[in-house]
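Please go through the notes below with the model open beside you.

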Amino acid sequence: MTGSSASEAFEAIAPYYDLLMQSIPYLWWMHYVETLLEHFDRSAHKVLDLCCGTGNLSELFALSGYEVVGVDKSPAMIEQARRKAEASRSGVRYYVQDAAELALNETFDLIVSLFDSLNYITEPSRFAEAMRRAYQHLTSTGLFIFDLNTEYAFVHKLFDQSQLEPKAPLRYRWRSRYDKSTRLCTVEMEFWVREGNTERYFTEIHRQRAYSEAEVRQMLYAAGFAEVHTFDAYTLDPPTRRSDRVFYVALR
Ligand SMILES: C[S@@+](CC[C@H](N)C(=O)[O-])C[C@H]1O[C@@H](n2cnc3c(N)ncnc32)[C@H](O)[C@@H]1O
């Protein structure tokens, strides 16, 4: 596989993303976000799912009664999300936008960005801008909740995964390398999809940056947030040196 033949991240995989995510407990994730809201004694009605992908979480929030907007920079992912919203009549509004250039003429009680989406912003200045844009799109009592893969996850190669069962409808092999000097993790992803009697092969290169907790906190405070709290993923415990995913809760 060569880098030049690989698709832009999430463009080729978009039609198969939900197949890839079929065992992901999105409902449980939504309940975790609601637990965090309760923990900080805040409530939400209007939610922005930032880097929403194919809208799996957006749909669940909408079907639970929240007003939801989803934003993602990938047109192919948004196309899938819109298709689902049309079928479910969930009413979610989707926009193709980059989180670092977020410009919606409305504010939200809650902005949520899950599944290490913001690690994909590999330029620290753009990451900081994404924090500022999130702040600007929150109501005066709004919260920004997101998770990030940690450097521990990259060093311990948690991105090296494969599903090569011959009968699986979607097979894949991912290999990562982490460069400590740039803090960049590059993942070469190979996919094989069965379509009738034929099999389609494609590749994507994904790049994520490891942001330290200190730098994220600094960027959130610089953006204007009044409080920043962190948790070991899916718990109310503080992160440890071995946390592979950390949740951030930033309060306006
Ligand atoms: C791992 S997927 C997660 C999608 C969704 N949050 C979920 O939980 O299924 C990461 C998503 O982030 C999007 N993304 C990456 N960088 C982005 C950016 N700068 N602005 C907006 N979306 C971005 C990708 O297009 C992709 O859909």
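The points below cover the sheet, the helices and the ligand shell of this predicted model.

1. Start with the sheet. Strands of a sheet pair through backbone hydrogen bonds, either parallel or antiparallel. Here seven strands make an open sheet with mixed pairing, in the order E3-E2-E1-E4-E5-E11-E10. Strand E3 (93-96) and strand E10 (227-232) are its edges, each pairing on one side only. On average, neighbouring strands are turned by 15° against each other, direction ignored.

2. Two pairs can be traced by residue. Strand E2 (residues 67-72) runs parallel to E3 and is joined to it by four bridges; Val69 stands opposite Arg93 in E3. Strand E4 (residues 108-113) pairs with E5 over five bridges, also in the parallel sense, and Ser113 faces Phe146 in E5.

3. Is strand E5 (residues 138-149) mostly covered or mostly open? It is mostly covered: nine of its 12 residues are buried.

4. Helix H4 (residues 75-88) lies across E2 and E3 and runs at about 170° to E3.

5. Next, a helix pair. Two packed helices are described by the angle between their axes and the distance between the axes. For helix H2 (residues 26-39) and helix H3 (residues 56-63), the axes come within 9 Å and cross at roughly 65°. H2 contributes Tyr26, Leu27, Trp29 and Met30 to the contact, and H3 contributes Asn56, Leu57, Leu60 and Phe61. Of these residues, seven are nonpolar, one is polar and none is charged.

6. Finally, the ligand is surrounded by 20 residues, the closest being Cys51, Gly53, Ser74, Phe115 and Ser117. The shell comprises 12 nonpolar, four polar and four charged residues.

Key:
Residues numbered from 1 in each chain as written. Predicted model: local features only at pLDDT ≥ 70, side-chain atom pairs only at ≥ 80, totals over all residues. Near = placed C-beta within 6 Å. Nonpolar A, V, L, I, M, F, W, Y, C, P; charged D, E, K, R; others polar. Axes fitted to C-alpha atoms, helices over the stretch in contact; angles between N-to-C directions. Helix = DSSP H or I, 4+ residues; strand = E, 2+ residues; numbered from the N terminus. Contact = placed C-beta atoms within 7 Å. Buried ≥ 20, exposed ≤ 12 C-beta atoms within 10 Å, placed from the backbone. Pairing = 2+ DSSP bridges.
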